[in-house]
Amino acid sequence: MRLSRLTLIPLAVVACAIVVTACGSSSSNSSSSTSSSGGLSLNGLANTKPNTSAQHMGGTLNMISAEGWEHLDPAASYFQIDYLVVYATQSPLYTFTPTSDNPTPLLASGPPQISADGKTVTVHIKSGWKFSPPVNRAVTSKDVAWAFSRMFNTNTQNGYASGYFPIVGAPSSATTDKPISGISTPNDTTVVFHLTKPFGKTMAEALTLPATSAAPAGLTTAADKSSPSKWDSDPTTQAFTGPYMIKSYSPGRNVTLVRNPNWSRSLDGIRPAYSDKIVWNAGADATVAARQTLDSTNLLMADGPPASVLKTAYQTKKTQLSIAPLGAYYAALNVTVPPFNNLNLRKAAIAAQDRSAYLLARGGQLVGHVSTHFIYPEVPGFTQAGGNAGFGEDYVANPKGDMKVACKYMKLAGYPNCKYTGSASVTIVGANSDPGPQEMQIVQNGLNALGFKTTIKAVPQQTMYSKFCGYVKAHINVCPTAGWIEDFPDPYAALFVPFSGEAIVPINNANWANLNDPKVNKLIDQGAGISNLSQRYQVFAQADKAIVDSAAAIPEIWANNALVEGSKVHGVLDPWNDDWNLSFSSPS
Amino acid sequence: MTRYIIRRLLWVIVLLVVVSAVTFVIFYTLPSADPAALRAGRSPNPALIASIRHNLGLDKPIYVQYWRYVKGVILHFNFGYSYQFSQPVRTMIFQRLPATISLTVGAMVVWLLVGLPVGIISAVRSRSLLDRFTMGASLLAISAPVYWLGLVGLYLFANDIGKVHIFDGSGTYTGLTTNPGRWFGSLLLPWLVLAASFAAFYARLLRSNLIETMSEDYIRTARAKGLRERRVILRHGVRSAITPIVTVLGLDIGILMGGAILTETVFNIPGVGRLAYEGIINADLPVIQGTVLFGAFFIVIANLVVDIGYAFIDPRIRYT
């Protein structure tokens with residue numbers, strides 16, 4: 001996920017920190033699960049699935065959040081909270097639903113047709129779909145092609161276009177909405193994408209991303225010549241294709257959505273769009289907002305509640321609390337610079353870690369569980385990757401750490417006394433907000449036990465990513481407060497950016513370990529080209545194992561996200577985005 | 001007096017230039033986030049980063065960037081574009097300024113209405129039970145962090161999450177022109193919370209000044225002339241003792257106009273302080289720069305007003 005969204009991971013889970021230990025969580029996609037583990041029952045949590053008999057049309061859905069929005073232009077949007085608005089106001093070609101992790105046609109009229117070589121993807125769109133006022137005209141395939149041109153215009157600053165859409169002729173640094181030669185529109189309802197590599201299945205998943213929403217061809221030209229694009233500055237002037245339009249917007253403060261009169265429920269076929277109006281106030285103090293939500297009948301809180309409120313919610317208002325899998329945390333070990341350019345030293349470092357301490361630092365097992373590999377529970381392929389147990393490597397076997405195993409690998413690395421005596425020192429950089437400092441100390445303790453000389457540098461989260469861990473030339477040895485949420489529920493989205501050498505870029509690099517292992521790269525590429533899901537997940541499981549074998553990161557936790565809602569509002573959760581779906585949620 | 005004001009106004013310009021330069025240097029010297037990287041999104045290719053850096057002018061030497069900024073501010077009153085929100089900073093600040101002014105002015109009225117009478121009564125009845133009680137209470141109010149006090153106020157008295165439903169809760173702020181009644185209601189608790197420590201501080205400050213003043217010879221003379229005690233205290237004692245209060249008041253108003261970050265955050269008031277905070281956590285230099293400049297502007301202007309005000313309050317002061 002893009003930087004801002006990455007920053008959300010720690011924020012969200014910090015917000016989830018709760019002093020409840022000796023408990024467990026379900027790996028179910030819904031908080032309405034009825035599991036229990038380790039003495040803590042998850043029974044009785046909020047029902048966050050659609051419930052047509054309990055939900056009704058009309059009324060105003062009230063939202064609240066501590067964080068505000070970044071970009072409500074679908075071409076630029078790449079932030080969990082932005083997605084809530086964009087998926088209610090726009091219509092990507094495909095979508096995931098609260099009950100399905102499979103891409104379901106939305107603006108498209110059927111599944112994408114992928115050629116046998118995986119290099120051509122053909123999408124047919126529905127006839128009669130219209131843009132909102134004042135555009136008021138039918139959406140055509142040219143508008144879809146135009147959306148892709150916008151995506152590759154650097155002025156829109158899209159975060160994923162080049163990664164997920166390897167389209168022939170796609171520019172790397174255009175500053176206009178330039179037509180792309182690899183996209184053709186043989187008629188008004190057909191778009192054909194020609195790809196540079198056999199990437200059809202993966203691209204088909206990525207066609208769920210918001211930037212694939214049709215944009216009125218030609219209408220954005222002037223706005224997109226500015227940097228940043230002015231289409232994003234005042235989102236009320238956009239052309240909407242979703243059930244709602246943005247009526248008013250104050251950056252970081254509030255947004256009001258009203259019904260789009262040109263949207264057709266029957267043509268959409270997926271989104272019920274219960275509320276007549278959605279009013280969202282942001283910028284609240286997280287503690288106050290969470291308490292307001294729990295004490296209200298009609299509020300949905302878009303970001304996670306802080307520790308104290310989460311504890312209260314679990315103990316006294318469990319039916320207003322939902323917990324769903326969020327993503328993964330790990331400590332990246334930079335494999336390109338000493339001392340961790342040595343595989344055995346990395347394995348020793350992992351073995352010496354008390355990984356259960358990371359979980360405690362984040363609040364105990366209600367907010368996740370200790371991980372053993374990098375395809376996390378909500379991502380398809382988790383089972384093929386060994387589930388909770390993982391692949392059985394001895395250096396990740398004991399969550400509390402195993403100094404005997406660590407010693408074994410120190411000896412293999414050439415340190416017979418199990419203590420590092422080399423000259424390289426280790427720089428640990430992490431976020432200066434909780435639980436960053438604690439996590440850095442946990443890493444430090446493990447490394448110091450093996451004789452490494454360590455230095456901790458605590459910086460703001462954004463700085464950590466843009467100037468240290470994500471800046472290749474900074475050569476940071478360990479980044480222990482890194483986390484990842486997949487862009488869509490597919491193992492490619494979970495593994496490619498954080499672990500493929502092909503994804504390494506000089507700035508904003510999200511492969512924090514700088515892992516460029518040919519075997520890993522090859523397996524991820526191979527998996528991306530496979531359409532058969534069973535085979536696909538098997539190959540990604542092998543890639544996951546190769547990453548664990550490379551010991552490029554210390555697996556910390558598979559995290560959960562907690563959300564709270566008012567007593568009478570019916571919040572429906574999008575498991576893939578780990579947040580509410582405004583088109584499915586309904587007021588009291 | 002006119003020459004004095006002109007001279008001071010010129011110094012205001014110099015000061016603002018220095019403040020903006022220091023903010024610029026701090027931003028570039030300390031390890032803040034790279035704005036181009038923040039805008040570029042995940043895994044950008046180097047061409048995209050270069051393009052953004054160029055478009056934002058970040059590829060120019062720092063002095064060129066600074067010169068462009070100063071030129072924009074002076075010639076066009078343009079404070080730049082927020083990296084984070086893709087909005088003109090000037091618009092964002094002006095949108096939020098009414099909330100900050102409402103909060104500051106209202107709180108000031110409260111703390112003056114409470115702090116000054118308490119200070120005078122405590123000074124006049126020094127060492128009495130009332131004095132001990134009010135000074136003890138003021139110590140408590142000074143010691144209570146505004147963030148904590150705000151949360152306690154909400155948990156006790158807010159209409160939504162409070163135990164006793166008296167005041168409007170967090171996030172209810174309404175503009176004065178939209179609905180004056182709701183504006184007043186939504187700000188009542190924030191005013192009380194923000195004013196608490198200020199009122200306490202002013203009361204203590206005025207008390208100590210007034211006690212000292214009341215022992216001066218001219219006070220004894222005034223009493224000997226047969227003036228009523230009330231007149232002696234208010235016309236002769238307070239007028240002299242209040243000068244330091246006016247100094248502090250000017251600074252406090254200036255600082256708060258730059259944003260009462262904690263109060264605005266707890267009560268979800270869309271003010272300049274909250275904007276500054278968001279700018280800082282997002283490494284949004286234009287927002288940081290704009291809010292700092294505004295804050296500095298208010299502080300120096302408030303100081304100037306205070307200095308001019310001395311001439312009217314204190315007959316011993318004359319400007320040349």
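In the predicted model, two disulfides are found over all chains by the distance criterion applied. When the bonded cysteines of chain A are numbered in sequence order, their pairing reads 1-2, 3-4. Such a disulfide is a covalent bond between the sulfur atoms of two cysteines.

One of the disulfides is formed by A:Cys407 and A:Cys418, with sulfur atoms 1.6 Å apart. A:Cys407 belongs to helix 13 (residues 403-412) of chain A, while A:Cys418 lies in the loop between helix 13 and strand 16 (425-431) of chain A, so the pair ties together parts that are eleven residues apart in sequence. A:Cys407 has a relative accessible area of 17% and is therefore buried, the limit being under 20%. A:Cys418, at 13% relative accessibility, likewise counts as buried.

A:Cys469 and A:Cys479 also form a disulfide, and their sulfur atoms are 2.0 Å apart. The torsion about this S-S bond of A:Cys469 and A:Cys479 is about -105°, so the disulfide is left-handed. The pair links distant parts of the chain, ten residues apart: A:Cys469 is in helix 15 (residues 461-469) of chain A, and A:Cys479 is in strand 18 (residues 478-484) of chain A. Both A:Cys469 and A:Cys479 are buried.

Strand 18 of chain A, which holds A:Cys479, has seven of its seven residues buried, so the strand is largely enclosed by the rest of the structure. Its pairing with strand 14 (residues 321-333) of chain A is antiparallel and is made through five bridges. Within this pairing, A:Leu333 stands opposite A:Val478 of strand 18 of chain A.

Further strand pairings were examined in chain A. Strand 4 (residues 94-97) and strand 5 (residues 100-105) of chain A run antiparallel and are joined by three bridges. The two strands form a hairpin, with two residues between them.

An open sheet of four strands in chain A has the order 6-7-9-8, with antiparallel pairing. Strand 6 (113-114) and strand 8 (183-187) of chain A stand at the edges; each has a single partner strand, so one side of each is left without a neighbour in the sheet. In a regular strand the side chains alternate between the two faces of the sheet. Three bridges connect strand 8 of chain A with strand 9 (residues 190-194) of chain A in the antiparallel sense. A:Ser184 stands opposite A:Val192 in strand 9 of chain A. Helix 3 (residues 141-151) of chain A packs on the sheet, where it touches strand 8 and strand 9 of chain A, and its direction makes about 175° with that of strand 8 of chain A.

A:Ser550 is placed in helix 18 (residues 533-550) of chain A. With a relative accessibility of 5%, A:Ser550 counts as buried. Residues up to four places away in sequence being left aside, A:Ser550 touches A:Leu343, A:Arg346, A:Leu515 and A:Asp517. A:Asn508, in turn, is found in the loop between helix 16 (491-499) and helix 17 (518-528) of chain A. The relative accessible area of A:Asn508 is 4%, so this residue is buried. The side chain of A:Asn508 reaches across to chain B, where the backbone oxygen of B:Ala37 is at 2.5 Å.

In chain B, helix 11 (residues 243-257) comprises 15 residues, which at 1.5 Å a residue should span 21 Å; the end C-alpha atoms are 21 Å apart, in agreement. The buried residues of helix 11 of chain B include B:Thr243, B:Ile245, B:Val246, B:Leu249 and B:Gly250, as well as B:Asp252, B:Gly254, B:Leu256 and B:Met257. These buried residues pack against helix 5 (89-124), helix 8 (180-213), helix 10 (229-241) and helix 14 (285-313) of chain B. Just after helix 11 of chain B, B:Gly259 takes a positive phi of about 125°.

Helix 14 of chain B is mostly covered, with 21 of its 29 residues buried.

Methods:
Residues are numbered from 1 along each chain as its sequence is written. Chains are lettered from A and ligands numbered from 1 in the order in which they are written. This is a predicted model: local features need pLDDT of at least 70, side-chain atom pairs count only at pLDDT 80 or more; totals for chains, interfaces and linings use all residues. Side-chain values use heavy atoms; hydrogens and water are left out. Buried means under 20% relative accessible area, exposed over 50%, partly exposed in between (1.4 Å probe, protein chains only). A polar contact is a pair of N or O atoms within 3.5 Å; within protein, one must be able to donate a hydrogen and the other to accept it, and residues adjacent in sequence count only if both atoms are side-chain atoms. The expected span of a helix is 1.5 Å times one less than its number of residues. Contact means heavy atoms within 4.5 Å. Two strands pair if DSSP finds at least two bridges between them. A disulfide is a pair of cysteine sulfur atoms within 2.5 Å. Axes are lines fitted to C-alpha atoms, for helices over the stretch in contact, and angles run from 0 to 180 degrees between N-to-C directions.
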